[in-house]
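Here is a short briefing on one protein model.

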Amino acid sequence: MAVPTLCIADGIYPNDFFYRNSIRRLASVAHDRFTNPKFGIDGRLRNGGKVTATVNPYTYTESAQPEERKSLTDFFVEARDFVRSDGGDGGPPRWFSPLECGARSPESPLLLYLPGIDGTGLGLIRQHKKLGEIFDIWCLHFPVTDRTPARDLVKLIERTVRSEYFRLPNRPIYIVGESIGASLALDVAASNPDIDLVLILANPVTRFNNFMLQPLSGLLEILPDRVPSFLEENFRFEQGYPFAAMFETMLNETDAAQMGGGLLGDIFATSVNLPTLARIFPKDTLLWKLQLLKSASASAMSHMHRVKAQTLILLSGRDQWLLNKEDIERLHCTLPNCEVRKFENYGQLLFLEDGVDLVTIIKCTYYYRRGKSLDYVSDFILPTPFELKEYEESQRLLTAITSPVFLSTLDNGTVVRSLAGIPSEGPVLYVGNHMLLGTELRPAAIHFLKERNILLRGLAHPVMFAKKFGSKLPDMHMFDSVRMIGAVPVSNINFYKLLRSKAHVVLYPGGVREALHRKGEVYKLFWPEHSEFVRTASKFGTKIIPFGVVGEDDLCEVVFDYNDQMKIPFLKNLIKELTQDSTYLRNGEEGEVGNQALHMPGIIPKIPGRFYIYFGRPIETEGREKELNDKEKAHEVYLQVKSEVERCMNYLKIKREGDPYRNILARSLYHLSHGLSSQVPTFDLRNQ
């Protein structure tokens, strides 16, 4: 049974209890290093406060498995116990904290979960373990017999929100809501625009469809009242009973197993779930929930214009019998700080679906923060080995086609085929050239994690992090993987914070102009005349490592560039619109360097060659802060870095001519004879 462990009596509501579900198996708060490695803010794996060089969880990504999560069966087991513990009258709505959510850090923000039409509060059961590491989670439970109207539920939630806000005014409060819960969350946010709230709304219903409500209500009216007890007393729907097995077989052989598809099909096609469903939704309760949903959605719709909270809307693509997509568009337009994500292959009960990880979604969208504003450095959550494995899978085709060669320089000047020349301790600043579309950073990020357990924090164009509503810029989900592995918007403050935290930072002075270059501009640098990165780096004794990348000309050729597109009126207008919608980064720069227009070059593929990435010898700035504070001295180092990048590129362009496996056909033959996991050789490094 569910046992109250803490009464919230300090000015919130004397009759509501903070519940813990004591019948669950005790979840250990000690996490395996493989699923939850401990990292410092610089991204280095630590053990007992010391950097560990010998243990790297990312070397095991080939066998990395998803984090262990509870199942749909666990949801029904715990829901049944919740329903039984409600007793006869059920009592008022109450908060409980899942037992497996006890491993959070002290500065974790509060997350309030507002349930959907089921009311159990267990809708995040498959997410609890990972969410509990970064949030303090409270879930709201509506007893089956509770009939609290929507306006009173809003007041109950509002009292909790205001109490926690006054206790910790500098931390945001997250509200995750589904259907009814989403409507209640919008109402609470509308009434409290002064409180820092972050809303995550799964399939919000902002206007109920009366055309569906009336026939459904009529059907419910003719159902018998004692369905739960009738099923249990007469048919014994329990594992091992003959009738249960017979009914299971019957369901599986009929269209009932396909009811709603996916998750809903799993629920209805499992006979042991039916009594629990019937107890959660007796006839009068289901009728009440439908009316509650109608009332809550109407109230939310009327107050929507007052919502100022940061909002993330998650939409399922299937089983959307409650959702009005036109209203979602209106909601997106109305809310000033709103992002919409679509999950086409998932159903109405989004958080109970396989493959839906709320923590990963929050990471990709950069919606996690501990303070009043997002800090891209301190609020960043490192990818798990399984997340890296999925990222690696998404890049597998590019990696297979290009077979990247990574070279670095040892302290004695020897060039080696590995990252052995890369310093372990930060801060380290990698400064190099962009290839077409910036394709070089993705394989490099994977390789650094797997070989050296180093997380690269790339400074990326702000277009990857924000989009105005109605803009023709690409959808944000296109850049999810880039954000997942640590990219941050390029800015002076983010650059400063990363170096201060001793991170490994990647900087491309050429920016968009270099990544979207024109015909005939392969490996041409478009760097500003002056740059402040040397002076900033010297403040923290940063090692500056120039690097060069070549290989794009072995992959594709630009045939329809910016100059060609600007001759076509509708493309010219589109480019201007896209550029105006994005953040302009080169204020004060003119000519080729200042022209950071956003467009998509037209390319044609070639027979794939190979990528080569060469990291030169580090340039030390430690102890030179006073010297490099002088602009002229800093500019000399800046020109030295630029010259080294050009030298690295020239070295690679010459040496790759002697690579017998530069062509994909030669590499394919090598894999056939030596195995797909074998490392393909490259040019001879002895003759340097």
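The points below are grouped by topic.

This is a predicted model: local features need pLDDT of at least 70, side-chain atom pairs count only at pLDDT 80 or more, and totals for chains, interfaces and linings use all residues. Residues are numbered from 1 along each chain as its sequence is written, and side-chain values use heavy atoms, with hydrogens and water left out.

**Whole chain**

- The protein chain has 25 helices and 21 strands; these are DSSP runs, numbered from the N terminus (helices: H or I, at least four residues; strands: E, at least two).
- Of its 688 residues, 57% count as buried, meaning under 20% relative accessible area, with exposed over 50% and partly exposed in between (1.4 Å probe, protein chains only).
- Take contacts between residues at least 6 apart in sequence: 80% join residues at least 24 apart. Contact means heavy atoms within 4.5 Å.
- The accessible surface is about 30600 Å², and carbon and sulfur atoms hold 55% of it. Areas come from the Shrake-Rupley method with a 1.4 Å probe; for residues, only the protein chains shown count as cover.

**Helix H13**

- Helix H13 (residues 385-394) is largely enclosed by the rest of the structure, because seven of its ten residues are buried.
- Those buried residues are Pro385, Phe386, Glu387, Leu388, Lys389, Tyr391 and Glu392.
- Their cover includes helices H2 (128-131), H12 (358-364), H14 (396-402), H15 (441-452) and H16 (480-484).

**H13 against H15**

- The two helices pack at about 145 degrees, with axes 10 Å apart. Axes are lines fitted to C-alpha atoms, for helices over the stretch in contact, and angles run from 0 to 180 degrees between N-to-C directions.
- From H13, Leu388, Tyr391 and Glu392 meet Arg442, Ile446, Leu449 and Lys450 of H15.
- By class, this contact of H13 with H15 has four nonpolar, no polar and three charged residues. Nonpolar covers Ala, Val, Leu, Ile, Met, Phe, Trp, Tyr, Cys and Pro; charged covers Asp, Glu, Lys and Arg; the others, Gly among them, are polar.

**Backbone details**

- Most residues other than glycine have a negative phi, and most peptide bonds are trans.
- Gly426 and Pro427 are joined by a cis peptide bond, with omega about 5 degrees. Pro427 sits in the loop between strands S13 (415-416) and S14 (428-432).
- Ser403, not a glycine, has a positive phi of about 40 degrees. Ser403 lies between H14 and strand S12 (405-409), in a loop, and is buried at 14% relative accessible area.
- Tyr523 has a positive phi near 65 degrees. Tyr523 is in the loop between helices H18 (511-515) and H19 (533-538), and is buried at 11% relative accessible area.
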